[in-house]
Amino acid sequence: MNHQFKLLRKESYSGLIGNLLKSQQVYGPVKQEGYTYYKRISYPDEITEDYIIPQMSAKSFVFPKIEKLFSFVKSKDGVRVEDKNLDTIPKKVIFGVRPCDATGIHNLSAIFLWEPEDSIFKKRREQTTIISFACSSADDYCFCTSLGGGPGNTAGSDIQLIKTGTNDYLAEIITPKGAEIVSSNPGLFEDVDSVEKEKYLVRLPVCFDDSELEDKITDAFDTAIFDDLSMKCVGCGACAFICPVCGCFDIQDETKGSMGQRVRIWDSCGLRQFTLHTSGHNPRDTQGARYRQRLMHKFSYMPDRLGVKGCVGCGRCSRACPVEINIHENLQQITKLVKIHKHE
Amino acid sequence: MNKNNIYLPYQMKISKITQEAPGVKTFRLEFLNSGEGELFSFKTGQFGEYSVYGEGESTFCIASPHTRKGYIECTFRQVGRVTTALANQEEGAVIGFRGPYGNVFPIDDWKGKDLIFIAGGIALPPMRSVIWSCLDTRNHFKDITVFYGARTVNDLVYKQELEEWGNRSDVNLHLTVDPGGETPEWKGEVGFVPSVVENVAPSSIDAIVIVCGPPVMIKNTFPVLKKLGFEDKNIYTTLENRMKCGFGKCGRCNVGKTFVCKDGPVFTAEQLADMPGEY
């Protein structure tokens, strides 16, 4: 891809955020009690650059934990239903999104924009501009490069900033939305001649063959490997909660007196109730079957049906897991499985 | 479906309630907005999300045939929060409905064939939609045979319609209840559905069979049908995994890579054989 690059000098960086703050809501990585979160900011210097990856992914900007779908009022005369007003969804720019999180939003879009298109998700996506920060550091849990991503991956980003040796920023212009920010801040971005983006990025080794993974895991459905890998899983669902691509949800009604709303809320395939039938029958009745669903959905079903993976290699699920189930190690183990020959 | 908000239900008025069996009711639903009703159409086999505002949504098939316009019907058993709230509704009340979702029984492809319907318990409703859709175009098909069983005589649903089908000369009806579920007056068979089918042994030549029931009944009926010579491609069923959205996003109804809501709920035994047994 031949993206255009500009130079954003360190002196101009705060000016850019300040200008954006004048026209829309701005979010960025903010330190809070030692942890980093994507939070709404009021001043440019609230944004930190001292983080590997924020605690929570950026998915809630397009897929909030709780999304009102519509509201209703009940009275003696019946029910009055009020549709959601999409015009109330504000424009936002999210600063400092890690490339893995931006890719997460890109991949999540495949689920929600799959026919029938989810207009609420679509509107949130349209209203959100993503200015990612390329990664100059990583930790032991990061494995984006093993899944075809990377510290300078641009999927899902509108602009990507890459910090240079002089503490200035290279700005890679990826989408028309990104180009508009550049053109509406004419004094801040300078032309730049030669660009060596790669030399500013962290080097992260590739640990397994991504092209083999889909075939191997698809063939492994009837093996015991998922039971083995999830033996210690307690079914808490934390992995889905912090995952940038986990998009599974529940639909529930919330009421207060005669008023109420139907909401879409985050859910997890790791929870027993997720697939439990009214009769008591449960198609995924063991934690192993549920872990299999989690991995197969991400590495077999989504690639097959939607052309994208359900994982970006951010490693959050491994960091959050209370019993230290490590997805990176587990995927390496799956790719080492010998080819399984099925009997015809 | 509402294109602007795929989660927004139609407003439906309950025009008729029928008590089918203990805890089981049928609602006839008419569109509050007649314009929406005129634009609405569905085909037998499809399903929807039914809701009581303030309680939530539940997934049921459309139990009425597509040959009858102006209304839809659903039959449900009162078990959880939403079905209890539904059961407490009275005629005239307004509930929500989203749909139709999913694929259909390809009844146009069955013209000129024998049809054999096999249902168990509360799984008769999806089958009832197909049966009436076929009976309303009766001359398209040859013999029509219906096997239906429930735990007890009391649990049989659509009792009036069963009587009607039993009285028709163009329907062969075999009713059965599980051993111990019979009453002194019971004139039907006593035994599990798969064994009754095996005893009656319908011909598999130029015949289509449609099986609906709890997973255990489906899994026990397929081997019997195989023994009787039915090919997998001529055996149809409908799966009813738990669902929330109905259109392939909420992530819980899939069997392997197949979404019951989008690719199903109607599948042939041939298709099921290629899917993992996660249903």
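These are my notes on the two chains and the contact between them.

**Ground rules.** I am working from a predicted model, where local features need pLDDT of at least 70, side-chain atom pairs count only at pLDDT 80 or more, and totals for chains, interfaces and linings use all residues. Residues are numbered from 1 along each chain as its sequence is written, chains are lettered from A and ligands numbered from 1 in the order in which they are written, and side-chain values use heavy atoms, with hydrogens and water left out.

**Entry 1, the sheet of chain A.** I took helices and strands as DSSP runs (H or I, at least four residues, for helices; E, at least two, for strands), numbered from the N terminus. I counted two strands as paired if DSSP finds at least two bridges between them. Chain A has an open sheet of eight strands, in the order β3-β2-β6-β7-β8-β9-β1-β10. Its pairing is mixed. Which strands stand at the edges? They are β3 and β10 (189–191) of chain A; each has a single partner strand, so one side of each lacks a neighbour in the sheet. From one strand to the next the twist averages 30°. For such angles, axes are lines fitted to C-alpha atoms, for helices over the stretch in contact, and the angles run from 0 to 180 degrees between N-to-C directions.

Strands β7 (128–133) and β8 (159–163) of chain A run parallel and share three bridges. S132(A) has Q160(A) of β8(A) as its bridge partner.

Contact here means heavy atoms within 4.5 Å. Helix α4 (176–183) of chain A packs on the sheet and touches β1, β7, β8, β9 and β10 of chain A. Its direction makes about 80° with that of β7(A). Helix α1 (10–23) of chain A lies across several strands, including β1 (4–8), β2 (25–32) and β6 (92–97) of chain A. Helix α1 of chain A runs at about 150° to β6(A).

Leaving aside neighbours within four places in sequence, what does R40(A) contact? The list is Q25(A), V26(A), Y27(A) and E46(A). I also took a C-alpha distance: R40(A) and T129(A) are separated by 14 Å, and they lie 89 residues apart along the chain.

Chain B has an open sheet of six strands, ordered β4-β3-β6-β1-β2-β5, with antiparallel pairing. Its edge strands are β4 and β5 (72–77) of chain B, each pairing on one side only. The twist averages 40° from one strand to the next. Strands β1 (10–21) and β6 (94–101) of chain B pair in the antiparallel sense over four bridges. K13(B) has V94(B) of β6(B) as its bridge partner.

In chain B, 40 residues are in contact with 44 residues of chain A. The two chains bury about 3600 Å² between them, 54% of it on carbon and sulfur atoms. Buried area is the accessible area (1.4 Å probe) that two parts lose on being put together, summed over both. On the chain B side, Y7(B), Y53(B) and K249(B) lose the most area to chain A, together 20% of what that side buries.

How many salt bridges join chain B and chain A? The count is seven, where a salt bridge is a side-chain nitrogen of Lys or Arg within 4 Å of a carboxyl oxygen of Asp or Glu. D304(A) forms a salt bridge with K257(B), with the closest N and O atoms 3.5 Å apart. β3 (47–52) and β4 (56–61) of chain B each supply at least two residues of the side that touches chain A.

Over all chains, the search finds 36 salt bridges. K197(A) pairs with E172(A), the closest N and O atoms being 2.6 Å apart. K197(A) sits in the loop between β10 and α5 (210–219) of chain A, while E172(A) is in strand β9 of chain A, 25 residues apart.

Most residues other than glycine have a negative phi, and most peptide bonds are trans. I noted the exceptions here. A cis peptide bond joins E115(A) and P116(A), with omega about -5°. P116(A) is in the loop between α2 (99–112) and α3 (119–127) of chain A. The bond from G99(B) to P100(B) is also cis, with omega near -5°, and P100(B) lies in strand β6 of chain B. E33(A), in the loop between β2 and β3 of chain A, has a positive phi near 50°.
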